[in-house]
Amino acid sequence: MDDIVSWSATETARKIQCKDVSITEVTQAHIARIEAQNPALNVITTPVVEALDTAKALDSAGLPDTPGPLYGVPVTTKINVDQAGYPNSNGVPAFKNNAGPDDSPVVSNLKAGGAVIIGRTNTPEFSMRWSTTNPLHGASLNPWDNTVTPGGSSGAAAAAVAVGIGAIAHGNDLGGSLRYPAYCCGVATIRPSFGRVPAVNPNQPVERPPLTQTMSVQGPIARSIADIRAALQVMSMQDSRDPLQVQAANSGRMRDKSVTIGYAINPFDAPIDPAVETAMGVALDGLRAAGCVLRDVTPPFADETAQLWGRMLMTEVNYTMRPAIEAHGSPEMNRLLQQYFDRYPFLDIVGLFDAMSRKIQLQRAWSVMFDDIDLFLLPTSLLRPFENDLDFKSPERVPDILDAQLPLHAINLLGLPSVALPTHLEDGIPLGVQLVGPMHDDWFVLDVTEQLEREIGTIWHHLPVWT
């Protein structure tokens, strides 16, 4: 059983297709893994009760002629997306019974691709924190060190896949919620290009507000880049319920045989942890060994890009989500929300229109930057993973936390594809980097990051739970 949960998603799918193992056996192993690991980590809020029946039905039906890359593979989904019969609580006690009859597109795509959903993963209140704790389900923990945050808001998803609960985890990313948990838990992810993965919550009475839609994405977390590629293929299948979905194969850019990587150790007006500089050095050495050409560049308007993300988002939150947070959020959550508002003053209607225009200008400037480089390397976060629930325990540190996440916020405003990869361990805690590409070049970023992964190796098997 332990061998099965250590398999990658691609290895699991291959062994199922070769009939070395049944889907039922694989599913049973992952359910046993939940029972063994979840009491300590608290990452699964609700096991999916029909998982074993789904596996048995797939076995009975026999392999299709062209099984997809996740056929029979156990996966988890986050509790802030709709899944038929299961609540989308968003970590809020008042929403604990918000179940409906329909699946969101990312869930329906996973099911259509033959994946077996085995559990639902935790999220912080309103999915708006850098730790994964809420009054409904409690705190999810980092398997490397229980005192360190697993990240947020997909921290439970990243922690689950790190310890073999599912070979693929679903998450989402509005301000770094895929990349930061992957960074903290030593696994990989992609924040896909805007529109790559269809997104809608069909059971919710109110549509997501428009700025959130343009800066938020759905995506996979896994222990290898090959698994991320396989999961993205399935998650990004067409769904007509999302009229903003884009099926572009790539950006259409012409490239030389050599790959030029632009990089910036710290293009932001905020301090950087020496451990993060070390992570950048590891990645640069790996890219150099892979034959890439490296070029030190200054990305255009980096600080402004990150700050504009905050001002636009918090203006929208003030007018849309604030009443619900004030009514149903914990006192700590409401205090944190006010700190966000203090950091990012609201825009008036003219200011908001100006910001929307400026966003396009910034996207254009970064697009032009990619005329001279193929990809751009920068830190995932400017600080090593911090203490779990630091924002609640030490509210005076919230400005430091927000400064650390500037590299995440900038990419969300731009809507670009970004792959986060672990580089090494520092005092037993993972660190890593993100590699960003032009809009729609998701597959190219994955290809280059996989070359980097081969050069520097993976760290997840050093996790004590595996040894």
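Helices (H or I, at least four residues) and strands (E, at least two) are DSSP runs, numbered from the N terminus. This is a predicted model: local features need pLDDT of at least 70, side-chain atom pairs count only at pLDDT 80 or more, and totals for chains, interfaces and linings use all residues. Residues are numbered from 1 along each chain as its sequence is written, and side-chain values use heavy atoms, leaving out hydrogens and water.

Start with helix α4. G62 follows α4 and has a positive phi, near 80°. Buried means under 20% relative accessible area, exposed over 50% (1.4 Å probe, protein chains only). In α4 (residues 51–61), A51, A55 and L58 are buried. They lie on the same side of α4 because they cover an arc of only 65° around the axis, taken from the directions from the helix axis to the C-beta atoms. D53, S60 and A61 are exposed on the other side. Among the elements covering the buried residues are α3 (23–41) and β3 (116–121).

Next, strand β7 (residues 188–191). A188 and I190 are buried on one side, T189 and R191 on the other. Two strands pair if DSSP finds at least two bridges between them.

| Partner of β7 | Sense | Bridges | Example pair |
|---|---|---|---|
| β8 (residues 217–222) | antiparallel | two | A188 and A222 |
| β12 (residues 418–426) | antiparallel | three | T189 and A420 |

Now the cores. A nonpolar core is a set of buried Ala, Val, Leu, Ile, Met, Phe, Trp, Tyr and Cys residues joined through side-chain atoms within 4.5 Å. The largest has 103 residues. Helix α11 (residues 302–320) gives the most to this core, with eight residues. A second, separate core of 42 residues includes I4 and V148.

Key. Contact = heavy atoms within 4.5 Å.
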